[in-house]
Amino acid sequence: MGYVAVKGGASAIEESLKRIQYERIKQGTVLDMKDIEGGMRGLIDQVMSESSLYSETLAALAIKQAEGNPEEAVFLLRAYRSTLPRKHYSRTVTSEGMAVERRISASFKDIPGGQILGASLDYSHRLLDFALLEETESGVKEWLTAFEQEQEDESVALDDTQDVSQLPKVIDYLRREGLVASCPIDHSEPYDVTRKSATFPSSRSQKLQMLTRGQTGAVTSLAYAVIRGYGDVHPTVGELRVGTLPIYIDNPLHSDSDEEDTYYIGDIKATEVEMLIPVTIEKERGKKELSFEFGYGLCYGQNETKAISMSILDKSLEANNENVPTQNEEFILQHIDSVESTGFISHLKLPHYVTFQSTLNDVRGTKREQTTDDEEV
């Protein structure tokens with residue numbers, strides 16, 4: 001492709017920037033950061049996940065600046081992230097220690113510890129609630145007070161002492177029966193896709209990072225394609241859990257400190273999915289045996305559709321078949337990135353004067369030749 005440098009027009013660009021500022025505030029209202037953080041939880045979680053930066057406040061700021069455009073907000077947050085120094089590496093986080101807020105299984109009705117529905121739109125009617133048009137702060141505070149009191153009363157009545165940070169994993173029960181292969185811990189240093197360019201074939205750490213950074217809509221669409229028949233995965237949710245994970249770092253002065261000398265720096269909220277997929281395994285003498293394999297999904301915040309989709313694509317990419325798009329890791333991983341895809345599509349707005357003029361000359365030349373041939377006939 002050929003481009004020409006754009007010179008001049010600086011004043012026009014400045015006016016364009018003023019115009020976008022005007023469009024953002026022309027109604028004379030200032031969108032409070034607390035309103036975004038408090039009322040756009042789903043969008044904040046999506047932006048944090050695709051940006052690889054866990055900060056609800058910065059995500060809200062990016063959303064405000066981008067006027068609610070998630071792709072633009074992700075671009076802003078990733079750009080800011082690239083300026084930050086990396087001071088510490090956290091200790092390995094295991095989801096067994098998640099303080100669970102929501103936990104469901106589509107594979108088993110009764111799971112140890114029980115299913116916890118938590119906060120979810122899955123059980124709502126998906127009808128517009130026009131009562132929200134009249135919602136007031138005093139009404140909200142009154143509802144919150146009543147809700148918190150109800151929760152406290154129920155907790156006392158049920159003597160709820162279950163430790164939700166130690167709930168067993170559903171998949172471990174299948175492993176103990178030998179129905180799912182064990183998954184040994186990989187102690188090798190993970191590939192950091194935020195600092196190195198993608199390479200293929202990709203490692204598992206690289207693949208999972210790119211899937212969790214992928215645009216939610218793109219990841220969901222491709223996983224949907226896998227299930228519809230453009231792939232070979234027929235999944236069931238073994239376990240989906242939403243909750244907070246504690247983050248610890250080693251003592252900065254003693255890198256070889258033991259677990260008791262670590263520092264707790266906070267929690268992150270995450271959604272984790274372990275998807276079960278039935279497979280047929282070829283045994284000796286042509287015998288076949290049914291078993292289960294699994295796909296894995298993990299992303300920031302409560303983003304269940306994305307985590308489920310990620311687990312489907314994780315499993316689909318294991319086939320590594322370049323002739324099937326949903327099993328071709330380069331096709332999937334290179335096209336789900338929000339910044340990469342929107343950036344390339346948006347570049348089509350840049351001046352292509354040279355290439356277009358060249359194409360235009362070719363088209364005109366072809367037309368002239370065709371006219372001459374017709375006249376000769």
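This is a predicted model: local features need pLDDT of at least 70, side-chain atom pairs count only at pLDDT 80 or more; totals for chains, interfaces and linings use all residues.
User: Where does glutamate 375 lie, and what gathers in a patch on the surface?

Analyst: Glutamate 375 lies in helix 13, residues 353-376. The patch is one of negative charge: Glu369, Asp373, Asp374, Glu375 and Glu376 gather there.

User: How many aromatic pairs does a search of the whole structure find?

Analyst: The search finds three. One of them joins tyrosine 54 and tyrosine 300.

User: What makes the pair of tyrosine 54 and tyrosine 300 stacked or edge-to-face?

Analyst: The ring centres are 5.1 Å apart and the planes stand at 80°. Rings pair if their centres lie within 6.5 Å, and planes over 60 degrees apart count as edge-to-face. The pair is therefore edge-to-face.

User: Why does this pair tie together parts that are apart in sequence?

Analyst: Tyrosine 54 lies in the loop between helix 3 and helix 4. Tyrosine 300 lies in strand 4. The parts are 246 residues apart in sequence.

User: What do tyrosine 248 and tyrosine 264 form?

Analyst: They form a tilted aromatic pair, 5.6 Å centre to centre, with 55° between the planes. Stacked needs under 30 degrees and edge-to-face over 60, so 55° counts as tilted. Tyrosine 248 is in strand 2 and tyrosine 264 in strand 3, 16 residues apart.

User: How exposed does tyrosine 264 count as?

Analyst: Tyrosine 264 has 46% relative accessibility.

Methods. Residues are numbered from 1 along each chain as its sequence is written. Side-chain values use heavy atoms; hydrogens and water are left out. Patches are made of residues with over 30% relative accessible area and no salt bridge: like charges are joined within 9 Å, nonpolar side chains (Val, Leu, Ile, Met, Phe, Trp, Tyr) within 5 Å. Accessible areas come from the Shrake-Rupley method with a 1.4 Å probe; for residues, only the protein chains shown count as cover. A salt bridge is a side-chain nitrogen of Lys or Arg within 4 Å of a carboxyl oxygen of Asp or Glu. Lys and Arg count as positive and Asp and Glu as negative; His and the chain ends are not counted. The place of a charge is taken as NZ of Lys, CZ of Arg, CG of Asp or CD of Glu. Helices (H or I, at least four residues) and strands (E, at least two) are DSSP runs, numbered from the N terminus. Rings of Phe, Tyr and Trp (its six-membered ring) pair if their centres lie within 6.5 Å; planes under 30 degrees apart count as stacked, over 60 as edge-to-face and the rest as tilted. Buried means under 20% relative accessible area, exposed over 50%, partly exposed in between (1.4 Å probe, protein chains only).
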